[in-house]
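Please keep the sequence and the model at hand while reading the points.

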Amino acid sequence: MTKIAKVASHGKPTPEGSNVTFIPGAIPPGRKKKRSRLWLWLPVVVIAAGAGYYAWSAYGASTTAAAVITQPVVRADIENAVTAVGTLDSIKSVDAGAQVSGQLKVLHVEIGDKVTQNELIAEIDPATIQNRIEIDQAELANLQAQLVSKKAQLVLKQANIERQRNLVATRSVSQSTLDQAVADLAAAEADVNALEAQIRKQKATLDGDQVDLGYTKIYAPMAGTIAAVPVKEGQTLNASQTAPTIVTIADLSTMTVKAQVSEADVSKLKIGMEAYFTLLGQPGKRYTGKLRQIQPTPDIENNVVLYYALFDVPNTDGDLMISMSAQVFFLQSAAKDVLVVPSSAIKASRTSGEAGNGKRAFEVSVVDAAGKTSMREVEVGIRNRVNAEIKSGLQEGDLVVVGQGSDANNGANGSGNRSQRGQRMPRMF
C-alpha cells in the first residue's frame, strides 16, 4: 500500500513515514520555538533604545554646557573710585540774631533775597531802650550836680583845716578842734570819690543802653543769600537767655559736599585727591573738586561707623542748593580711551604665577574666528567691579569669554526650582 504524505493547512508536506498527523490550523513545533526566541530579545531591544536616548540627551546637555557668552574688547574710559553718599551745604553760613529783647518792628528781607555786608535787614522797636537812656542821662546829671556840691564842701574843709592849724600854733584853739577839721576833710574827700565812682558807673550804664539801642537795627554780618527767616514781623523777641535767630545768611557761591565714607574705605582717601559727584536730577553732569578735609570724629548710625569727607565745588549757575543728595566718587585712578573688558573675563593665571614686574599675572579665554577657544595671558591695569583695563595681550575687537551660556539657564532654573520647592503642592485626587 502506497503511503501518501499528508499536507497540513500551512501547505508543507510531512516527511514520509511520519506517524504525526497534522491538524489543520495548528502551528508546527519548529516555528513555535522561533517565535519564543523573538520574545526573549524584546527587553534587550527596549533597554538598548533607552540607553541610546539617554546618551543622546547627555550629549545634547554637554553641548549646551559648552556654549559660552562672549563680549568684544572695546575702547572706553575707566576709573577706580571710592563711592559714597553725601549732602550739599553752603561753604559758609551765619545766623543773624537779636541781641536785645523787644518787638520785631520791621523785617526788610525775605527768603531767597541776596544781601550785602552791613545791609539793614530788620529793626526792633527801640522805645523801651530809648526810655532807659533818658533815665540814665537824668541820673547822670543828678550825680554830676551832687559832685559839684561835694567838691565845694571839700574846698571849704581844706580851708578850715589851714585856719585850725594856725590857731593851734598860737594856742588859740585846742588840738581836738584841729583833729575834727582833719576828719571832716577826709570825709569830704571820700564823698567826692564816691560820687565820681557813681558817675563812672552811670556813664557805663548809659553807654550800654546806647549800644543796645544800636542793636535794635540788625545788619547783615556777611554777603550772601537769605536761607531762612524763622520769625515774623510783630513777634516779640526774648534775648535774655539766648539770642533768637532772625535770619540765616548763607554763601551759596561755593558749595561744600559732606560725604559719608565707611570706615573700610576711609583709609583709601588722601587729602587733595580728585572727587566729583552727580545729582539725582542730573545724573549725567559731574561737579568736580578736591578733597580738603576728613573729619576725625565719626557719625555712628545703627553700629555703622561713617566719617565725613568734605570738598568744595563752585556754584556759578546757582543750580546747587542746600541739602541736595549727591552720589560721590573719590578717584583713586582713572584712564581714558583704553582697551576694556568685563571684569568677569579676567582669571588668575594658573601657570605663570607672579609676573616679572612683581604684579600678579592674569589670563582670559579668547574665541577666534573659527570658534576655537584658547587662553591668553594679559596685563591688567585699572580694575573695578565692572570692567578692567587691558594694557597688553589683547587687541580691540577680540572676543573674550565672560561666562557659560548654560550657567545662566541653570541659575534661572535653579532659582525657579527653589521657588517651586518652597511652595506646597496641591493635593492630588
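1. The model is predicted. The protein chain contains four helices and 19 strands. Of its 429 residues, 27% are buried.

2. Among contacts in the protein chain with a separation of 6 or more, 71% are made by residues 24 or more positions apart. The accessible surface of the protein chain is about 28200 Å², and carbon and sulfur atoms supply 54% of that area.

3. Helix 3 covers residues 175-215, which is 41 residues. At 1.5 Å a residue it should span 60 Å, and the 61 Å between its end C-alpha atoms agrees with this.

4. Which residues of helix 3 are buried? They are Leu178, Ala181, Leu185, Ala188, Val192, Leu195, Ile199, Gln202, Leu206 and Asp209.

5. The structure holds 10 salt bridges. In one of them, arginine 132 pairs with aspartate 209, with 3.3 Å between the closest N and O atoms. Because arginine 132 belongs to helix 2 (residues 127-169) and aspartate 209 to helix 3, this pair ties together parts that lie 77 residues apart in sequence.

6. A network of salt bridges links Arg132, Asp209 and Asp212.

7. Glutamate 196 and lysine 151 also meet through their side chains in a salt bridge, at 3.9 Å from N to O. Glutamate 196 is in helix 3 and lysine 151 in helix 2, so the pair ties together parts 45 residues apart in sequence. Glutamate 196 is partly exposed, with a relative accessible area of 27%, and lysine 151 counts as partly exposed at 39% relative accessibility.

8. A further salt bridge joins aspartate 319 to lysine 285, where the closest N and O atoms are 3.8 Å apart. Here the pair links distant parts of the chain, 34 residues apart: aspartate 319 sits in the loop between strand 13 (304-314) and strand 14 (325-342), and lysine 285 in the loop between strand 10 (274-279) and strand 11 (287-294). Aspartate 319 counts as partly exposed at 32% relative accessibility, and lysine 285 counts as partly exposed at 33%.

Technical notes. Residues are numbered from 1 along each chain as its sequence is written. This is a predicted model: local features need pLDDT of at least 70, side-chain atom pairs count only at pLDDT 80 or more; totals for chains, interfaces and linings use all residues. Side-chain values use heavy atoms; hydrogens and water are left out. Helices (H or I, at least four residues) and strands (E, at least two) are DSSP runs, numbered from the N terminus. Buried means under 20% relative accessible area, exposed over 50%, partly exposed in between (1.4 Å probe, protein chains only). Contact means heavy atoms within 4.5 Å. Accessible areas come from the Shrake-Rupley method with a 1.4 Å probe; for residues, only the protein chains shown count as cover. The expected span of a helix is 1.5 Å times one less than its number of residues. A salt bridge is a side-chain nitrogen of Lys or Arg within 4 Å of a carboxyl oxygen of Asp or Glu.
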